[in-house]
Amino acid sequence: MVKKFKEKIKNIINATVCVSADAQITSLQEQLEWLKLHSDITKLLPATGYLRKSQRDLVAFTKEFLEFVKEIDIHPFLVGGNLIGAVRHGGFIPWDDDMDFAITREESDRLIEFCKKKCIVDIYDGDWNDYSYEKNFKRMEQMLTLYPGQYILDIWVDQLQIYKGTSVVDMKYIDFWPFDYYAEGYTVEEHMRYLDELLIKLHKINNVRQIVSYVQRERKNNPNIVEHKTDIFFPGIDNHIGFGRTKKTKCWLHTEDIFPLHKIVYEDTFFYAPHNIQKYLEYDYPDYMDYPEKIELNPHEKYKDTCLNNIIPVIGIIVQTFQDIEQFRSIYEYFEGHGIYSFFCVDNIQGSNGFESASDIYARLEEEEVRYKKEFTIKCWGICTMKGRHYTKKIMSQTHIVCKSNQTKLSFQVGKHSYKSLEEMEEFIKREYVTDSRCK
């Protein structure tokens, strides 16, 4: 009887909590919809913190690469979220973190030939159907380890990507999307059916290298895909943008809406854009002046968070004060440039004398433009803590790299072992990470 009574009480409490949580979620959704309806999306403030730094670095990397290929005289132009950002915000959409350019077939071929001579060219020799973010980052890490600081062209099933760095921690990349001319009289309905059939064939082939070769032959042998200029200028069959439209595209893009290209302001520079930006965006994103249904902040960094601990060491840096941030900054920057993925996390103990609040520390981390997480949701190999501090149980259960500060110099303690420099610490982390990985 008592047991049944306890179960009943438990069920009532659970039901009450669930209703309360659902009510709060509904209220937040209503508030968000109200804010969207009563705010001007073009007046949004730019990104801040680490995301803003990443955006600036991407623009600098893009300018650097376009200068590097200047001799082949290509004119990639903004598409996708970058074109929306240029129109709405004069640069990045505040939550975006990549660079997308369209490129003509002739210029795409020229870029590939240039990269074969001056860069590293890679085509994945593996399955497409079971490819994952983890496999992608693992492959990139291997390439960056072999060719640090060199431009690498990845020829993929549905895009070209240029990337460069010393590891997946500090790499930058640009996506290029090839476009083709199509024969007059060829209808968009025919093309959509063709793409559906082609996609089925590609999934049956599965191997990425074989798919790339097949698509090249298919493009050359298809009489509806032409090399001369026509009125129809549309994503190529090796362009994800084109495949993404197979269920909703009702019309072609027209050459007169794309050319002649003209330069528009983007952040602190100028990039090419379609001749009729509004026409292009109405095709690509009909509601481009509205808020999207889902805002995903810094999405590509989140992809890393899901899998990097299986590829490289991930280190959490625990801070409780502004001073901690200053002392750990050199460690963070060192790790950033040496293939160790690190992030700051606040462990704020209530009632600690003289300690800043968690919100104040997060505000400072935003100002410092460093990577940080508000929740310890990423799997770490270890964490950095300051000697002599007290931390919550959740932090104390992790593997510790205890940092000892001696005015201008930091030393480290891991268990019974001491390390006098960041170089020694790096060597230990990477050695132990590999050992742990082999033991799994």
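Residues are numbered from 1 along each chain as its sequence is written. In this predicted model, local features need pLDDT of at least 70 and side-chain atom pairs count only at pLDDT 80 or more, while totals for chains, interfaces and linings use all residues; side-chain values use heavy atoms, leaving out hydrogens and water.

**Overall picture**

The protein holds 15 helices and 16 strands. Both are DSSP runs numbered from the N terminus: helices are H or I with at least four residues, strands are E with at least two. Along the principal axes, the C-alpha atoms fill a box of roughly 75 × 60 × 45 Å. Of the 440 residues, 49% count as buried. Buried means under 20% relative accessible area, exposed over 50%, and partly exposed in between (1.4 Å probe, protein chains only). Take contacts (heavy atoms within 4.5 Å). Among those between residues at least 6 apart in sequence, 69% join residues at least 24 apart.

Two strands pair if DSSP finds at least two bridges between them.

| Pair | Residues | Bridges | Facing residues |
|---|---|---|---|
| β14 and β15 | 400-406 and 409-414 | five bridges, antiparallel | lysine 404 and serine 411 |
| β9 and β10 | 262-266 and 269-273 | five bridges, antiparallel | histidine 262 and alanine 273 |

β9 and β10 form a hairpin with two residues between them. In the turn, glutamate 267 has a positive phi of about 55 degrees.

In a regular strand the side chains alternate between the two faces of the sheet. Strand β10 has a covered face of Thr269, Phe271 and Ala273. Its uncovered face holds Phe270 and Tyr272.

**A lysine in a loop**

Where is lysine 374 placed? Lysine 374 lies in the loop between α13 (358-368) and β13 (382-386). Its relative accessibility is 55%, so lysine 374 counts as exposed.
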